[in-house]
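Here are some notes to read beside the structure, written for someone new to this kind of description. Please keep the sequence and the model in view while working through the points.

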Amino acid sequence: MRTQTDKLTKLRRNVLELYVSDHPLDCGNCAANGNCQLQDLTLEYAVTDSRYTNTAKNHSTAAIDDSNPYFSFDSSQCIVCSRCVRACEEVQGTFALTIDGRGFDSVVAAGQAQSFMASDCVSCGACVQACPTVALTEKSIIESGQPEHSVVTTCAYCGVGCAFKAEVKNNSAVAGGVEVVRMEPYKGGAANEGHSCVKGRFAYGYATHKDRITTPMIRDSIDQPWQLVSWDEAVTFAANKIKSIQRQYGKDSVGGITSSRCTNEETYLVQKLVRAAFGNNNVDTCARVCHSPTGYGLKTTLGESAGTQTFASVEKADVILVIGANPTDAHPVFASRLKKRLREGARLIVADPRRIDLVKSPHVSAAYHLPLLPGTNVAFINSMAHVIVTENLAADAFIDERCDQQAFDKWQQFIRQTKNSPEAMAAITGIPAEQLRQAARLYAKGDNAAIYYGLGVTEHSQGSSMVMGIANLAMLTGNIGREGVGVNPLRGQNNVQGSCDMGSFPHELPGYRHVADDAVRTQFEKVWGVSIDNEPGLRIPNMLDAAISGSYKGLYCQGEDIAQSDPNTQHVEQALRSLECLIVQDIFINETAKFAHVFLPGASFLEKDGTFTNAERRISPVRKVMEPLGGKADWEGTVALSNALGYAMNYSHPSEIMDEIASLTPTFSGVSYKRIDEQGSLQWPCNDQTPQGTPIMHVDEFVRGKGYFAITEYVATNEKVTKRFPLLLTTGRILSQYNVGAQTRRTANSDWHSQDVLEVHPHDAEDRGILNGDRVSVVSRAGETVLTALLTDRVQPGVIYTTFHHPETGANVITTDNSDWATNCPEYKVTAVDIKKVTGISRWQTQHEQFNTQQNKLLTQPEP
């Protein structure tokens, strides 16, 4: 086979001339000059003009579509190569682009000849990345020019953990002296393989936003102005406060909250500081309010507190069950892989109170949508198992070989009971019995059946029971221990998995080992040089209660915004006001920081070295692109505070922290920066037994030995509808925004979602005289807020839905203190409420506006 001949060269020149007929060769004035594949080829084949004339294309009058805030489409530069169309279809699975017309009249069109912003485009950037010319180009490139070099790092948004090349150029006129001009998805990243979403691809501008706080600040009370001080002054002030509190109230009167947005190394140091410098186990993390039931449920049944598969595993699945998750909005890069597999013929079952996009979207639809009522997850999963057991669809050989027979026999007696049948549970779940039976048969009979779940599973009073029920179902059908199957929690934040791995729970040291284990504790005591308490400390809800009661007075909170993210906002605010010393380390003055006495400037993911661990247990590198704008990376701030408290920490680089983690944590013993740099990423367990890491868990046996079937009795939530509160509120996320929105609200992503809205079924709206766009009061047992109504049949009658990305919404003002029986994970997904049309805002929202105005005035002051 010959690829270089005179005949081929002639053909290639001819094709290039056809392309050039669509594209002016004014390269010197082009934003893509020096980074254009068409330019490279015309130079290689000496094509300077075209014998063909495109009379249909007027380059001088061609429209430029600037509707998207992040990229521009210039049709005059388009050569109609169809790369963007194929990327949108084959890579992303959105099908937003097409070729309109034929011959010289052919043009790339978004939607039905719409603008990009008005079409179904999700701004993932796949089309921009695929474009070989300047036709589709990032506006940052047009404004700032081509990058000079790049650094491979890991996205700081969701739990997928996409790898990106941060492409930068030196610019002394911008903060940090380095300007990021593009985040290019890295094809060598095992989690994303070149895929991206609007957040990771484009929403990085928050890192240099004008709201960044880059100087430490202190004050004695929250009604005083902030004082700008040096780092030494700030940590000395904080340390003296902590010491004074402990002298007066005892060593257990203070604690810390680690961050799921910070690196493994930084999280490890915060829990070490609490245990070694504070002298107690009062440390917790945001996983308490999202995935703590995952840790408990999977540890109990399978023996390890983490998901079982790689993301690539979905490409081998034949049946996919998605429960309480919305991948297209919350984990879009994984959703692209999932949709690709569905287009290849895999069958999908969606269990969700709301009709998510996966139920029916272009070229993808679910075989079954099971619209269960909020709070009935365990009833649903028990019914699925009941069908499989009573219809003899269980994987008997797998169970005999791999599972605890005594536990299985006991569980089987329970699950066979008529009360667990689809018919008996239909009145509770709202799922027609025959529909559930058919879905159960589909899952049980699939060669490879996989379960993916999200916060719609864990954020319930029976969250841990539901996770165990999911594990039961996977073991019952033998869908564990190979590609295409498994139990897969879709973690919310970028390092939720890592923050749990690093010992952020009050009862566990790194590696999920209990503080009561003398042998484990002795290992850490020897390295840390202190005695460690053998009793678990306070969880976040316990900290808040103790603050109100007066026994808990000091909190170090790194990178979390509990005033917005935790339930029953008024209770949280009361607790924060009760503290004598709140130390917040963050990049912005978030809702929690408004109650703080010490503010330590945080660093974005672009300003630090470290690692994140994603939902597939993949430890990926975070590499510094610019110097920290606040002078220190987060780990350096923790070290400074610890030293000021009198407990010496001496690290010169995060790699040394990882070495310490590896020396003390069996599942990380084979992890080092050198190995991560060599392999790109590592999946734990990574040790002498699995030196290359562990892509698939529980292959030959479960971590606990024999799989344990846990009895999951359905217990109805205390949060019940009544005549006073006749509707159920559930919450979730939207594609363009992320968690509490502190990052994405400071980017152009707000062009898509500028406020949280309340989805209401038309029947419920009609009964209450509510029209689309009306202001609606939402009242629960905990509080009241006001949102704008959006009438839609995506929600079922009796259920309403909102997101929680905007602090002024106050979505968590109305969520209650109900929580999971085992872990205290709040029951965000089930709140009994009533709604009515109003004209103003709620009392809490009025107070929030006033407090916000006050705190902004206290923040505004000249530089020292």
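1. Two strands count as paired if DSSP finds at least two bridges between them, and strands (E, at least two residues) and helices (H or I, at least four) are DSSP runs, numbered from the N terminus. This is a predicted model, in which local features need pLDDT of at least 70 and side-chain atom pairs count only at pLDDT 80 or more, while totals for chains, interfaces and linings use all residues. Residues are numbered from 1 along each chain as its sequence is written, and side-chain values use heavy atoms, with hydrogens and water left out.

2. An open sheet is formed by 5 strands in the order β17-β14-β13-β18-β19, with parallel pairing. Because β17 (368-370) and β19 (487-489) stand at the edges with a single partner strand each, one side of each is left without a neighbour in the sheet.

3. Within this sheet, strand β13 (residues 319-323) is joined by 5 bridges to strand β14 (residues 347-351), and leucine 321 has isoleucine 349 in β14 as its bridge partner.

4. Which residue pairs with tyrosine 512 in a tilted ring pair? The partner is tryptophan 684, the ring centres being 6.4 Å apart and the planes at 40°; rings of Phe, Tyr and Trp (its six-membered ring) pair if their centres lie within 6.5 Å, and planes under 30 degrees apart count as stacked, over 60 as edge-to-face and the rest as tilted.

5. Tyrosine 512 has a relative accessible area of 7% and tryptophan 684 one of 1%, so each is buried (under 20% relative accessible area, with exposed over 50% and partly exposed in between, for a 1.4 Å probe and protein chains only).
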